[in-house]
Amino acid sequence: SSGINAEYGVTKTGRNIKSIDMEEFKSELRESDINKPEKFVDCNTAVEIYNYVLHQLLEKHAPLLKFNVTPGQSKWMNTACQNARTKRRKAERAHKRLQTADSKETFKKAYRHADAVINTARQDYYKSRLEASKDNKKETFKIVDQLMDRNVSKDLRPTNKSDQVICEEMKEYFKKKVEKIYSDLGDLPDAMDTDMLTDYTAQIL
């Protein structure tokens, strides 16, 4: 389950099931009332025993935890955005179930409303950040880079190839490009200076 904290993001709850010692869990399960049929006087009692025992064992071996999840690029998400998204999902599920003209129209309205709320929240978030950093050029450019999804520190080179292989591939790529240009012009040189391309691409890498 989850809730919204407008400043820190989404508050969720969950259990660390992987941390359970399964041997100990199974041992306690065998020793519990679940393994005592004489206590199942009727169906309702059996269900109550089953639910109670499992709940107690889960609380012991994997207690319910609360943790905050802060969205990476979605820090503008607030309660209004979350509510709009919830209504949109609800309308979508209803339309999938009903498949009527009214349900379709309701879903379309919920979809447009959610988009409008989220876009407004995003605009307000970045507007306030830009206003707060108007005297700080570095921070302003950082915000603009985020808006344009630019990461100047990101290394876009393939990780499964050596620099030499990348260089050779780039050399061959540009060589073919130049050959095509000359071919279209009808004046292709007999020998192309590909060493210059190699040196240039090596400098880039």
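Q: How many salt bridges does the count come to in this structure?
A: This is a predicted model, where local features need pLDDT of at least 70 and side-chain atom pairs count only at pLDDT 80 or more, while totals for chains, interfaces and linings use all residues. Side-chain values use heavy atoms, with hydrogens and water left out, and residues are numbered from 1 along each chain as its sequence is written. A salt bridge here is a side-chain nitrogen of Lys or Arg within 4 Å of a carboxyl oxygen of Asp or Glu. By that rule, the count is nine.

Q: How many residues apart in sequence are the parts tied together by Glu59 and Arg15?
A: The side chains of these two residues, Glu59 and Arg15, form a salt bridge with an N to O distance of 3.0 Å. Glu59 sits in helix H2 and Arg15 in the loop between strand S2 (9-14) and H1; helices (H or I, at least four residues) and strands (E, at least two) are DSSP runs, numbered from the N terminus. The pair therefore ties together parts whose separation in sequence is 44 residues.

Q: Is Arg129 buried or exposed?
A: Arg129 meets Glu139 in a salt bridge, at 3.2 Å from N to O. This pair links distant parts of the chain, with Arg129 in helix H4 (residues 101-132) and Glu139 in helix H5 (residues 137-147), ten residues apart. Buried means under 20% relative accessible area, exposed over 50%, and partly exposed in between (1.4 Å probe, protein chains only). Since Arg129 has a relative accessible area of 19%, Arg129 is buried.

Q: Which residue's backbone oxygen lies 3.0 Å from a polar atom of the Asn35 side chain?
A: Asn35 is in the loop between helix H1 (22-31) and helix H2 (43-61), and with a relative accessible area of 48% it is partly exposed. Leaving aside neighbours within four places in sequence, Asn35 is in contact (heavy atoms within 4.5 Å) with Leu29 and Arg30. The backbone oxygen in question belongs to Arg30.

Q: With which residue's side chain does the side chain of Glu28 make a polar contact?
A: Glu28 is found in helix H1 and counts as buried at 18% relative accessibility. Not counting residues up to four places away in sequence, Glu28 touches Leu57, Lys60 and His61. A polar contact is a pair of N or O atoms within 3.5 Å; within protein, one must be able to donate a hydrogen and the other to accept it, and residues adjacent in sequence count only if both atoms are side-chain atoms. At 2.8 Å, the partner is Lys60.

Q: Are H3 and H4 roughly parallel or roughly antiparallel to each other?
A: Helix H3 (residues 79-98) and H4 pack with their axes 8 Å apart, at an angle of about 160°. Axes are lines fitted to C-alpha atoms, for helices over the stretch in contact, and angles run from 0 to 180 degrees between N-to-C directions. Angles under 35 degrees count as roughly parallel, over 145 as roughly antiparallel, 65 to 115 as roughly perpendicular and the rest as oblique. H3 and H4 are therefore roughly antiparallel.
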